[in-house]
Amino acid sequence: MPLKHSASKHHMDAADKHHEAAKHHHAAATHHEAGDHEKAKEHASKAREHGEAAVTHGKKGHEESHK
């Protein structure tokens with residue numbers, strides 16, 4: 001059974017947010033290796049924000065798929 005459009009959108013948004021989180025994790029690691037711990041903390045914080053948003057969108061997608 002295909003997912004409803006809104007569920008698919010939430011899942012795609014979740015994937016996009018996971019991708020953004022991964023980019024920030026990579027940047028945080030790069031800055032950490034370079035010794036710029038302040039920039040590393042900033043990117044780690046953004047990674048957490050995007051990760052939390054990804055979970056939220058994933059849950060919404062799951063809920064929509066069961067309506």
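**Close-up 1. Lys 9 and its partner Asp 13 in a predicted model.** Lys 9 is partly exposed, because its relative accessibility is 45% (buried means under 20% relative accessible area, exposed over 50%, partly exposed in between, with a 1.4 Å probe and protein chains only). Its side chain meets that of Asp 13 in a salt bridge, 3.2 Å from N to O (a side-chain nitrogen of Lys or Arg within 4 Å of a carboxyl oxygen of Asp or Glu). Residues are numbered from 1 along each chain as its sequence is written, and side-chain values use heavy atoms, leaving out hydrogens and water.

**Close-up 2. Lys 39 with Glu 42 in helix α2.** Here the salt bridge spans 3.9 Å, N to O. Lys 39 has a relative accessible area of 37% and Glu 42 one of 41%, so Lys 39 is partly exposed and so is Glu 42.

**Close-up 3. Lys 46 with Glu 49, also in helix α2.** These side chains form a salt bridge of 3.9 Å, N to O, and the residues sit 3 apart, about one turn of the helix.

Terms used. This is a predicted model: local features need pLDDT of at least 70, side-chain atom pairs count only at pLDDT 80 or more; totals for chains, interfaces and linings use all residues. Helices (H or I, at least four residues) and strands (E, at least two) are DSSP runs, numbered from the N terminus.
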